[in-house]
Amino acid sequence: SSHASVKSKSDAGGMASVLRTLRKTKFILPLSVSLSIVLHFVFFFEGINLDPLDPANSKLNDYNVLETSPLQLPKWNDHFDFIAYCQNFGCQNHRKEGQNLQNEGNVINDDANGHASNKFVNKTTFLETDGGCKTLWFAGMHETLGDCTYQPMYGAALNSALLNAGDSLHPVLMLGRLESDLGNVDSSKFGSWAKKKGATVITVPRLSFQDEVDVVYHDQDHLGHRQGPWLRLEIPRLVEENSLLDIAPKICKNHVLYTDSDVIFANKISKADIHSITSEMVSSGAVVSYGREASKKPQIANTGVMFMDLKKFGALVPKIFNHLVEKGPFPALDQGLINNYLTQNQESRHLLPIHYNWKVYWKLEPSSFEEVKILHFHGPKRGLGLEAIAHLDPGILAEQSPGHVDPYSGLVKQGICCDRGRMATWAVESMVLLTPNLTDIC
């Protein structure tokens with residue numbers, strides 16, 4: 001391309017200088033702004049042609065994807081036949097809010113298959129007469145020496161939350177210690193780092209229902225799977241036992257947020273944003289609010305981002321584990337259990353707005369980047385397919401992790417063909433900025 005420039009040592013030094021400067025500011029700039037600045041430097045240094053109408057990018061014009069700030073088209077892969085790869089591939093679509101009856105964020109009761117039905121209530125207005133309250137945000141993982149898989153992901157999540165939801169969320173990190181060589185040590189290196197960042201850290205030696213999990217999943221030898229994902233079901237108990245509703249002034253008393261560790265808070269989330277969701281939960285009597293898995297269809301399935309009514313959900317936890325013993329095991333561990341129990345017992349669930357559990361492989365339009373609140377690395381992650389999407393090269397997935405080709409190849413293809421790697425490119429650069437140094441956490 002005539003727009004191409006040549007990378008040099010000074011270019012690389014300039015990019016490193018930009019990253020160092022942004023890190024020293026401790027993310028004072030809004031994430032979407034600071035990362036947009038960095039991406040523009042990256043594109044300049046790498047000589048990426050950003051003009052989709054340029055003949056050099058003519059192949060891209062066959063696919064109706066718009067440039068949306070701060071997302072940009074990644075550098076074209078000359079060794080990859082995009083047209084052949086994406087031929088006849090169907091991309092998922094969604095409607096902007098207000099364009100259909102199944103409006104994002106409306107309260108729904110789902111049918112036996114977890115699909116949204118036409119039962120809605122009106123949104124309520126948040127009156128910030130007293131400044132509102134902060135919502136407890138929970139995340140958790142199993143922790144042991146020598147395993148630093150999820151810590152970098154949570155580190156990025158926490159940094160992004162402090163930046164984009166620091167006024168609306170109070171972070172709580174649950175660290176499982178089942179059969180861990182860390183024992184009952186109150187503060188690990190990772191825990192100490194999170195505390196310094198402002199998170200409340202709670203260690204969990206065993207689940208209160210550990211025996212039930214171990215009996216039903218007796219063939220599960222992965223310690224993380226025996227405890228880590230199940231920690232979300234301990235939230236009501238941990239709130240009560242640790243008096244978490246009183247750890248800071250004006251903590252919201254009725255609802256909390258749980259996310260998996262592999263998320264980024266991509267844009268600002270205000271107290272009013274959260275209140276619009278929890279008020280709909282109250283109006284409908286919903287126990288929880290969560291949303292889509294890989295499909296954009298309005299189906300309640302993925303508990304990786306979930307609001308819960310503390311009192312109502314806490315009352316159900318013993319029943320949920322009786323259900324596990326009687327009906328288990330379930331696929332997807334606790335997620336399968338939660339979905340099955342709530343569906344079979346017709347408990348009211350709220351469909352979480354799509355932008356609060358956005359996937360890196362989804363085509364962005366007709367939404368704008370600024371609407372995406374929480375980006376969830378469901379499926380492809382850093383080192384496990386995310387770079388394949390960002391570089392428009394599905395072969396990278398096989399190089400990184402051959403064992404993930406089958407389950408992730410369709411999602412990688414969707415990210416390449418439908419979003420053209422834009423969100424993945426943004427995410428890769430975001431993780432560079434947000435991930436703490438491994439020496440500080442591992």
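1. In this predicted model, D246 and K253 are joined by a salt bridge, with 3.7 Å between the closest N and O atoms. D246 is exposed, its relative accessible area being 62%. K253 is partly exposed, with a relative accessibility of 43%.

2. A second salt bridge links D273 to K373, and here the closest N and O atoms are 3.3 Å apart. D273 belongs to helix α9 (residues 271–284), whereas K373 sits in the loop between β9 (358–359) and β10 (374–376); the pair therefore ties together parts that are 100 residues apart in sequence. The relative accessible area of D273 is 21%, so this residue counts as partly exposed, since buried means under 20%. K373, with a relative accessible area of 15%, falls under that limit and is buried.

3. R422 and D419 also meet through their side chains in a salt bridge, at 2.6 Å from N to O. Both of these residues, R422 and D419, are buried. The search of the whole structure finds 13 salt bridges.

4. Q210 is found in helix α6 (residues 210–216).

5. The largest nonpolar core has 41 residues, and the members that touch the most others are F138, W230, I235, F321 and L324. Which element gives the largest share of this core? Helix α10 (residues 310–327) does, with 7 residues. I235 shows how parts of the chain meet: leaving aside neighbours within four places in sequence, I235 is in contact with F138, M174, V256, Y258, M308 and L310. Another core, of 38 residues, lies apart from the largest one and includes F82, C86, L386 and L397.

6. β1 pairs with strand β2 (residues 169–176) in the parallel sense over 8 bridges. Within this pairing, A139 has L173 of β2 as its bridge partner.

7. A student may compare this with an open sheet of 3 strands, in the order β5-β10-β9, in which the pairing is mixed. Why is one side of β5 and of β9 left without a neighbour in the sheet? β5 (263–265) and β9 stand at the edges and each has a single partner strand, so one side of each has no neighbour there. β5 and β10 run antiparallel and are joined by 3 bridges. I264 stands opposite L375 in β10. Strands of a sheet pair through backbone hydrogen bonds, either parallel or antiparallel.

8. For the chain as a whole, the model contains 16 helices and 10 strands. Of the 442 residues in the protein chain, 54% are buried. Among contacts with a separation of 6 or more, 75% are between residues 24 or more positions apart. The accessible surface of the chain comes to about 19200 Å², and carbon and sulfur atoms account for 52% of this area.

9. A final point concerns confidence. The mean pLDDT of the protein chain is 80, and 74% of the residues reach 70 or more. Over residues 1–68 the pLDDT is below 50, and this stretch has 116 contacts in the model beyond near neighbours in sequence. Over residues 98–130 the pLDDT is likewise below 50, with 76 contacts in the model beyond near neighbours in sequence.

Conventions
Residues are numbered from 1 along each chain as its sequence is written. Side-chain values use heavy atoms; hydrogens and water are left out. Helices (H or I, at least four residues) and strands (E, at least two) are DSSP runs, numbered from the N terminus. Buried means under 20% relative accessible area, exposed over 50%, partly exposed in between (1.4 Å probe, protein chains only). Contact means heavy atoms within 4.5 Å. Accessible areas come from the Shrake-Rupley method with a 1.4 Å probe; for residues, only the protein chains shown count as cover. pLDDT is the predictor's confidence in each residue, from 0 to 100. A salt bridge is a side-chain nitrogen of Lys or Arg within 4 Å of a carboxyl oxygen of Asp or Glu. A nonpolar core is a set of buried Ala, Val, Leu, Ile, Met, Phe, Trp, Tyr and Cys residues joined through side-chain atoms within 4.5 Å. Two strands pair if DSSP finds at least two bridges between them.
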